[in-house]
Amino acid sequence: MKKALILILFTTTIGLAQNKALINNNQQTLSWMGKAAVGSYSPEGTLGIQYAEIEYTKEQITNLSIVIDMGSLEQENVQLKAHLRKKDFFYVDKFPVATFILAEKVAIKNGKAKLTGKMTIRGTANTEVFEALIGFTEETITIAIHQVLDRTHYGINYNSPSIFKKIKENAIADNFVLKGKLVFKK
């Protein structure tokens, strides 16, 4: 009887085994897109992933940490790129990384998961919920996101129409889009 109980516990533990995968090559990127509050101007660019780690089973994600290299911020307009790195926006010299840390384990259902966690930008942390597509192959696990974030929640108020009510010309929309696909090697 004792041997049967030990065998059941051992088999159950193996079935629930955690897998871990990493990204640590700074070669994967996320895309971002901002928008003028008036008009159609929508600048876009990229941000590099400095490091990411995931722990998972086929049914759930139990741990996820993503570190975004803010110094890798790219945009084709050199002046805009420089401005986005300054104190008015992401203040890269003082805050060289942004992070997302999963707050609680989450179920994967039909290749989808709602990732609730702490997003930290410019030293300010907020709870965000990222709806993600999750994919598995023999060698990889992928997480694809397309999320709208409000920059004013992170203290980025430059030319915000919700902060500066009388601003009309040069107003910049509060929301920006962060999207991409992270490919973790098993």
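Q: Which residues lie nearest the centre of the largest pocket, and how many residues line it?

A: Rolling a probe the size of a water molecule over the atoms shows where empty space is left. In this predicted model, the largest pocket is lined by 21 residues, and Pro-43, Leu-80, Leu-84, Phe-89 and Ile-172 lie nearest its centre. Its volume is about 430 Å³.

Q: Which element gives the most to the lining of the largest pocket?

A: That is α2, with 3 residues. Both α2 (78-85) and β10 (175-185) supply at least two residues each to this lining.

Q: How many cavities of 30 Å³ or more are there?

A: A cavity is a space from which the probe cannot get out, whereas a pocket is open. The count here is 2 cavities of 30 Å³ or more. The largest cavity holds about 140 Å³ of space. It is lined by 13 residues, and those closest to its centre are Ile-66, Phe-100, Phe-130, Ile-145 and Leu-182. Two or more lining residues come from each of β4 (60-74), β7, β9 (140-150) and β10.

Q: How many helices and strands does the chain have?

A: There are 2 helices and 10 strands. In sequence order the pattern is α-β-β-β-β-α-β-β-β-β-β-β.

Q: What share of the chain is buried?

A: A residue is called buried when its relative accessible area is under 20%. Of the 186 residues in the chain, 39% count as buried.

Q: What share of contacts joins residues at least 24 apart?

A: Taking contacts between residues at least 6 apart in sequence, 56% join residues at least 24 apart.

Q: Now a single residue. Where does Arg-122 lie?

A: Arg-122 sits in the loop that runs between β7 (112-121) and β8 (124-136).

Q: Which side chain of opposite charge is nearest to Arg-122, and how far away is it?

A: A salt bridge needs a side-chain nitrogen of Lys or Arg within 4 Å of a carboxyl oxygen of Asp or Glu. Arg-122 is buried and has no salt bridge; the nearest side chain of opposite charge belongs to Asp-88, 7.0 Å away.

Q: Which backbone oxygen lies 2.6 Å from a polar atom of the Arg-122 side chain?

A: It is the backbone oxygen of Lys-87.

Q: What else does Arg-122 touch?

A: Leaving out residues up to four places away in sequence, Arg-122 touches several residues, among them Asp-88, Phe-90, Tyr-91, Phe-95, Tyr-154, Gly-155 and Ile-156. Phe-89 is also touched by Arg-122, and Phe-89 is one of the residues nearest the centre of the largest pocket.

Notes
Residues are numbered from 1 along each chain as its sequence is written. This is a predicted model: local features need pLDDT of at least 70, side-chain atom pairs count only at pLDDT 80 or more; totals for chains, interfaces and linings use all residues. Side-chain values use heavy atoms; hydrogens and water are left out. Helices (H or I, at least four residues) and strands (E, at least two) are DSSP runs, numbered from the N terminus. Buried means under 20% relative accessible area, exposed over 50%, partly exposed in between (1.4 Å probe, protein chains only). Lys and Arg count as positive and Asp and Glu as negative; His and the chain ends are not counted. A polar contact is a pair of N or O atoms within 3.5 Å; within protein, one must be able to donate a hydrogen and the other to accept it, and residues adjacent in sequence count only if both atoms are side-chain atoms. Contact means heavy atoms within 4.5 Å. On a 1 Å grid over the protein atoms alone, a cavity is a set of points where a 1.4 Å probe fits but cannot get out, and a pocket is an open set with protein on both sides within 12 Å along at least five of seven lines; lining residues have an atom within 4 Å of a point. Grid points are joined across faces, edges and corners, and a volume is the space filled by probe spheres set on the points.
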